[in-house]
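Good morning, and thank you for the time on today's agenda.

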Amino acid sequence: MKRQFGIIPVLLFAVISTVNSCPPSDRAALLAFKAALHEPYLGIFNSWTGTDCCHKWYGISCDSKSHKVAAIDLRGESKDLFERAGRSGFMTGHISSEICKLTRLSSIIIADWKGITGEIPKCISSLPFLRILDLIGNKITGNLPADIGKLQHLTVLNVADNQISGRIPASLTNLSNLIHLDLRNNKISGPIPKTFGRLGMLTRALLSGNSITGPIPASVCRIYRLADLDLSLNKIYGAIPPCLGKMAVLATLNLDCNKITGALPSTLLNSAVGNLNLSRNALQGKIPNAFGPRSYFMVLDLSHNFFKGPIPKTLSSASYIGHLDLSFNHLCGRIPAGAPFDHLEESSFMYNDCLCGKPLRSC
Ligand SMILES: *[C@@H]1O[C@H](CO)[C@@H](O)[C@H](O)[C@H]1NC(C)=O
Ligand SMILES: *[C@@H]1O[C@H](CO)[C@@H](O)[C@H](O)[C@H]1NC(C)=O
């Protein structure tokens, strides 16, 4: 009789601990994921022992209801690692497709390990709950998954500083919840999809440092929340869509180092944009005489283009011009005077055809 009483608590304990610990299939998938990676300096995977992967496995957290793995958060530049080991992380190997067996995953952060190679597993686009995919700062190659647009909950897609090639998949513009897109410093080629403007929740689109060609699709202007558009250091050609200057919250527009032609839209000079870098393109014509009280520029860099004619008089009606660069153009005439840019130096105006007046020689 006594013995039987003892069995109940043991059974209860067994039931509770299986409910609270991760499913064996999740644990197996994590161990297979780990087996494809090699982290020689910090021992971050040393904690990946025991049956309960939801308990004290470094970088792993589980969904509180289903007790399935919900997040992988491994950052090579994280502070706690640095404090523990006095160095930032380094890891080689690849991201195993076993990760796709973790079907409850909502966040995958495998960032700044510098040495992880291989491709993004294609099956990642069938993880139904994925919200964050952050693989910045590795050596990942191959294309973005063609059907990435299936990730209907994705809010963050960051694969910056890798070696990803191929085109921006057409399906990407189906990511209607995407807020943050960072593809900087890869080897992406081909055009920006015409339907880019369907990314209605986007606030930051950072595509600089690739080999992207083609024009800037005017549909971009429909992205109401877009605050930061960085297309610099690519091979983009065609004209700047004037509607960019009509966007409600666009504050940073970097198009420098491309092959952009045509005129500078006057809308951009009296808009919400406060950081405008159009340096090193093939823009031509006059700088529109369209500055006004709304013109507030931390940076206005129009250097290394083919602008001609005078510096527009309305420049003196701008609220603020922090850094102005008009060098390496074909401008001519008197530099207007005014409080917003009294502080500017010679270098802002050098290498033009015939500019004169302060801070250059007098006219
Ligand atoms: C975008 O989503 C729609 C509706 O789900 C689908 O019909 C279409 O094929 C998708 N487009 C691409 C390019 O994947
Ligand atoms: C503008 O872009 C050019 C070319 O990429 C770069 O050299 C320059 O520093 C940028 N200007 C500012 C003010 O950041």
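Which residues are around ligand 2? In this predicted model, they are Ser232, Asp256, Cys257, Asn277, Ser279, Arg280, Val299, Asp301 and His323. Sorted by class, that shell holds two nonpolar, four polar and three charged residues.

Let me turn to ligand 1. Its surroundings consist of Gly149, Ala170, Ser171 and Asn174. Here the shell comprises one nonpolar and three polar residues, with no charged residue.

I now move to the protein as a whole. Its secondary structure amounts to three helices and 23 strands. The radius of gyration is 27 Å, whereas a compact globule of 363 residues would have one near 21 Å. Along the principal axes, the C-alpha atoms occupy a box of roughly 110 × 40 × 35 Å. Of the 363 residues, 38% are buried. If we take the contacts between residues at least 6 apart in sequence, 47% of them join residues at least 24 apart.

Finally, the record. An unreviewed UniProt entry annotates residues 24–63 as "domain: Leucine-rich repeat-containing N-terminal plant-type". In the model, that stretch is 30% helix and 12% strand, and its end C-alpha atoms lie 15 Å apart. The UniProt annotation for residues 122–202, also from an unreviewed entry, reads "domain: Disease resistance R13L4/SHOC-2-like LRR". Residues 122–202 are 0% helix and 20% strand, with 23 Å between the end C-alpha atoms.

Thank you for your attention.

Technical notes: Residues numbered from 1 in each chain as written. Chains lettered and ligands numbered in written order. Predicted model: local features only at pLDDT ≥ 70, side-chain atom pairs only at ≥ 80, totals over all residues. Near = placed C-beta within 6 Å. Nonpolar A, V, L, I, M, F, W, Y, C, P; charged D, E, K, R; others polar. UniProt positions renumbered as here; feature names shortened; annotations may be inferred. Helix = DSSP H or I, 4+ residues; strand = E, 2+ residues; numbered from the N terminus. Rg over C-alpha atoms; globule rule 2.2 N^0.38 Å. Buried ≥ 20, exposed ≤ 12 C-beta atoms within 10 Å, placed from the backbone. Contact = placed C-beta atoms within 7 Å.
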